[in-house]
Amino acid sequence: MFKDEKRLAPIIHKDAPETTVGWYFPNTYEIGMSGLGYQLVWWLFEQDHRIDVKRGFLDMSEPGIENCQLLGFTVSWELDFINILKVLERHGIPACTDQRGTPEEHPLVFGGGPVLSANPEPFAQFFDVILLGDAEAMVPSFIDAWERAKHCKSRLECLKELSKPPGIYVPSLYEISYEHDCGPIKEIKSISDDVPNTVAKQVFAAPDDYAAHTQILSSATAWSDTFLIEVVRSCPQECRFCLASYLTRPFRATTVDTIMEKIDTALRHTKRVGLLGPSVTEHPHFDQLAKRLLATPDIDLTIASVRADSLTEDILATLKELGQRSVTIAIESGSERLRTIMKKNLSEAEICRAVELIDQSGLSGVKFYGIVGLPHETQEDLEETVRLLTMLKKKHRRLKFVFGVSSFVPKAQTPFQWNGRDKGCAPKLEYLRKNLAKLGIEMRPESLNWSDIQALISRGDRRLGPLLLEISRGPGNHGAWKRLLRNLPPATPDLDYYAFRTIPFDEPLPWHHLVDKSRTDYLQKHDRTAAQEAVQIGL
């Protein structure tokens, strides 16, 4: 069915598996098969002798997927919900769980991925089951639970059976009450005593010889025949705005021997290799890994991202020798004050030293990542960004500088989740654009309008369900969102409520029942510390 594929995973011989799983990426094949998470979950299902797993995408799918008993989605981007609802319609499955029949009548719809693990509530009425946490922990547990639940006579009995293992969340088994129609959440509780009051995401304790990596190579993907391997999971830095720092904790590193063993096997099929992780060079033995990669013949290497303070002459020389042309560094802001408040743990001296090393290495460019509208940001912080980039560009004229910049979107389960978006982001972006253009620095901003919608969904609750359904029936563009937000259905809070307001600490968050109190206390402590630092630290 899928052309130009090379299967790296071993063939699993199965004798009449009883359950067919339709495993979807809610976008095109080109994008979906580029994702390591999608391939990882496919392989977890594929290894189980009880499961016949079929891959599906928005533009194509494997034969037999229409006969599945379980239909699943990985959700890594909030706005892909439109495509999820399109797939459900294509399969003749009612969009809302309360309209579905028994497992014999309709497939059970499940989902996972970072968006759903952080805050599944806006999508609660679309999913029968949501898997919270690392796929390696959740998929085998879900399969075992399904083996028990599939024999239940009623839909409710089936869902209750599925809800028993840790990390398996069944949204329909929880009731939400509100202070008033458009007000904050009053209470979240399970519908009966045999349903757990809270559900916690699960963490996979990987053995030393484990690595998540590409299982199927394809020339028709965005990475085109690139073997991807996860070098680190999570990030030890705990930047207060960053979902990757908090959602996937604890920080874990794949052993160098395991990484090289997997890469050596992959090089029989492709020379392209990509190292993945929030900050690859924070691997505790990256120097050793770099030396072994440099000694590997005929390899074309790509690294997702690096931390400025982890770069060395040897690392940069290795990257250049292995075909890397530029380096991406997330500085977030040129202001030392703001970087301290967000707990970036990166000094101006370290940034300057990193760019100096990059220039000396002979690499051709640097892409900086920044954010405007962070909590406690001032005009002086923006001026500091312009000052720092001006200084660096004047000193390193040979290097091509690109400044990719987004606006702050509060993410669930991070210390800044209580902070709203900044309505003044547009003039801030224009200020940066005008001043950086004078230096010949290309600025690549993300859309403010779509960031508003991301924030709406990121901090949303179940009252957004009807809006998402309505949007899915139309073109789904920003114009459709603007029209709908001007004419909201009854009992639906507005954009300001979800995206822009500051949420009090004592207000239950939509994901309150999915996070234990000690974790919430820890995040609040971080947010309070940031506010104190904003007062105490001067430029």
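A search of the whole structure, a predicted model, found 0 disulfides, a disulfide being a pair of cysteine sulfur atoms within 2.5 Å. C425 is likewise in no disulfide, and the nearest cysteine sulfur, in C242, is 18 Å away. C235 is buried, with a relative accessible area of 12%, and C425 counts as buried at 2%. Buried denotes under 20% relative accessible area, exposed over 50%, and partly exposed in between (1.4 Å probe, protein chains only).

Local features required pLDDT of at least 70 and side-chain atom pairs pLDDT 80 or more, whereas totals for chains, interfaces and linings used all residues. Residues are numbered from 1 along each chain as its sequence is written, and side-chain values use heavy atoms, without hydrogens and water.

Beyond four places in sequence, F45 touches residues including K14, V21, F110 and F142 (contact: heavy atoms within 4.5 Å).

Helix 3 (residues 81-90) has 7 of its 10 residues buried, among them F81, N83 and L88. Helices (H or I, at least four residues) and strands (E, at least two) are DSSP runs numbered from the N terminus. The cover over the buried residues of helix 3 includes strand 4 (70-74), strand 5 (108-112) and helix 16 (465-472). Just after helix 3, G92 adopts a positive phi of about 70 degrees.
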